[in-house]
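Hi,

Here is the structure for your files. My notes follow below it.

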Amino acid sequence: MYAQLVETGAKRVKSLEEMSPEEREFQLKIDAETKIEAKNWMPEGYRKTLIRQISQHAHSEVVGMLPEGNWVTRAPTLKRKLQLMAKIQDEAGHGLYLYSAMETLGADRDEEIDKLHEGKVKYSSIFNYPTLNWADMGTVGWLVDGAAIVNQVVLQRTSYGPYSRAMIRICKEESFHQRQGYQILLDLMREGTEEQKQMVQDSINRFWWPSLMMFGPSDDQSPNSQQSMAWKIKRKSNDELRQMFIDQTVPQLEFLGCTAPDPDLKWNEERGHYDFGEIDWQEFYDVLKGNGPCNKERIETRKNAIDGGAWVREAARAYAEKQQQKQQNAA
Amino acid sequence: MADWPLYEVFVRSKHGLNHKHVGSVHAADAEMAMENARDLYTRRSEGVSIWVVPSSAITASSPDEKEILFDPSDDKVYRHASFYKLPDEVGHM
Amino acid sequence: MSKAMTQQEALQEYLLRLADSDMILGQRLCELCGKAPALEEEMALMNVALDLVGQARNWYEYAAELIDDGRSADDLAFRRDAHDYRNALMVEQPNGDYAVTMGRQFFFDAWHYFTLASLVKAPDERIASIAAKAAKEVQYHLRRSSEWVKRFGDGTEESHQRMQTAVDDLWRFTGEMIEADDVEQTLFKAGIGPNPEQLAADWKGLVNEVLTEATLTPPPEDAWMYRGAKVGHHTEHLGYILAEMQFLQRAYPDAKTW
């Protein structure tokens, strides 16, 4: 999940009786699965929560280009290079779809990006981990995009129309990302040298736990989840999504012939799910707060790009104004 | 940084279909908006034609006016094709 | 090149030039991933890079077939050292600021555009079909890069200054692109490659037109030009580009698959 901790500003969910007439009408619409559109009345909390969630999601897509950008200049073959470039480009595109959805709520993209660069808002913790070998390009596609897809498929039904439509578009485009990643790993495991196979296992060892953290804190530690679920901004709880992801991923892991760095991971016949070990939540909160391996570098890179590009954007605007002036003078 | 203005993007996905709103882009001018829209919304050859419109130039109906603007046509069922029951033998029309 | 060159030899050499230039410029644009001056530009740069690496792959594949010594397209891209690379000096120049990035792109796009426009008519069907697909893509590249040159040239005082500096600095790498050597002369005489004089005239005409419209001063006609890429004498940059680009193939020479 790309939005791991979204503040709703609500301590608890209001009952219908406690709501104002407008709030009640709004909640009934949500309950009836009617999509909310930009010009509809909405509680301020709903609007703010959405802006936070969508911008976190968008920031994550954009920052998420960097760990892969780290290898795009070193991709080993023409085919792999082209695939990786297309995937990274999609991520920039998905960031833009999401910012566009966010702007329908009256938020300003540039302001939200400034907040990111000032360290005031979050993005997915996963992108603060370094990509250290080529197999990471496979693992990021398979595990990281895989975890994101589990969440995004559900978000296609989110209550806010523009967000939902952006998610539908993103899901359609993202289906190739996970396959692309898995295929990299599969080829390395099947036909690779011993060194290449070790590369894969090393990569899985590093990305396994951070991928599980992508779904955010456990349900009992997520006070904001309930309100988000009532507003149908979120559709499934963090723990439910995490379990879904693990259940679908373990067989794929076994098919690769690799292992997870979790001695407690095993099938539980009774539950019909995989059991898994305790996530290191201290690490999760550390990374989210900015103390991950790459937090500083990621934000610096993005800030330098946008700040360093100010004169470029300024020039384009000045040129556009001059052209418009010329046209008016000619008319 | 109040940067490039916002443009709404409409894409005609196939010949014979209407342009459909797909989202927005930021751009310094209309020409750039067109190129940005092409790069963003038609990466998988989704379009045959694009319109870009400055977002500020769009006037949208307010939901409060829904009853005045749209309800009067609710009873004009003859405007909808399903009003006309045709025998099955006629086939799809 | 002292001995008379066969048409076949010239063609192989020429295909490598096309492929290498596409590849190296694509690689330079990949370096900008996540670092573009606007989010919209991320999309555009990666689009151009995708087109270029895709074109490189097509040219490498054809070159590998003609060379026919067991090397694949990937071997040509990832296992040749700098002295065997035949890309234009222009494309290996560092990204610099965005005026340099776009200036480099524009000078190359203009050459690329007229070259492909001619190759589309080549009697060799393979060349014609690769060129036809590439020509459409490059037409778009050229439109974008010339617009950016104009935006910078006629934008703000700062952007004008930066663009003029970029043009002046990059100018010395333009001569080589439009001067025909034996390879290009041979292919022109064989009816495959572009007419060198025409190509040079078209390139100069377009470049002058865009620079003038951008309120920029074109460098003097007799400016000194840097040469050497056509015989494998590159600037110092290429070695580093290849060290990065070919890293995995070099570090794991026994690997059969990726």
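Which residues in H8(A) meet which residues in H10(A)? From H8(A) come A:Ile204, A:Trp208, A:Ser211, A:Leu212 and A:Met213. Their partners in H10(A) are A:Arg242, A:Phe245, A:Ile246, A:Thr249, A:Val250, A:Leu253 and A:Leu256. Contact means heavy atoms within 4.5 Å. The residues of this contact split into 9 nonpolar, 2 polar and 1 charged.

This is a predicted model: local features need pLDDT of at least 70, side-chain atom pairs count only at pLDDT 80 or more, and totals for chains, interfaces and linings use all residues. Residues are numbered from 1 along each chain as written, chains are lettered from A and ligands numbered from 1 in the order written, and side-chain values use heavy atoms, without hydrogens and water.

Now the geometry. H8 spans residues 194–213 of chain A and H10 residues 238–256 of chain A. They pack at about 165°, axes 11 Å apart. H8(A) and H10(A) are therefore roughly antiparallel (angles over 145 degrees). Their crossing is right-handed.

In chain C, helix H9 (residues 182–189) has C:Val183, C:Glu184 and C:Leu187 as its buried residues (under 20% relative accessible area, 1.4 Å probe, protein chains only). Down the axis of H9(C) they fall within an arc of 90°, so they line one face of the helix. Helix H1 (7–31) of chain C is included in what covers them.

Chain B has 2 helices and 3 strands (DSSP runs of at least four residues for helices, H or I, and at least two for strands, E). Their order from the N terminus is β-β-α-β-α. Of its 93 residues, 30% count as buried.

Best wishes

Technical notes: Axes are lines fitted to C-alpha atoms, for helices over the stretch in contact, and angles run from 0 to 180 degrees between N-to-C directions. Angles under 35 degrees count as roughly parallel, over 145 as roughly antiparallel, 65 to 115 as roughly perpendicular and the rest as oblique. A crossing is left-handed if the near helix is turned anticlockwise from the far one by less than a right angle, and right-handed if clockwise. Ala, Val, Leu, Ile, Met, Phe, Trp, Tyr, Cys and Pro count as nonpolar, Asp, Glu, Lys and Arg as charged, and the others, Gly among them, as polar. Buried means under 20% relative accessible area, exposed over 50%, partly exposed in between (1.4 Å probe, protein chains only). The arc is that of the directions from the helix axis to the C-beta atoms.
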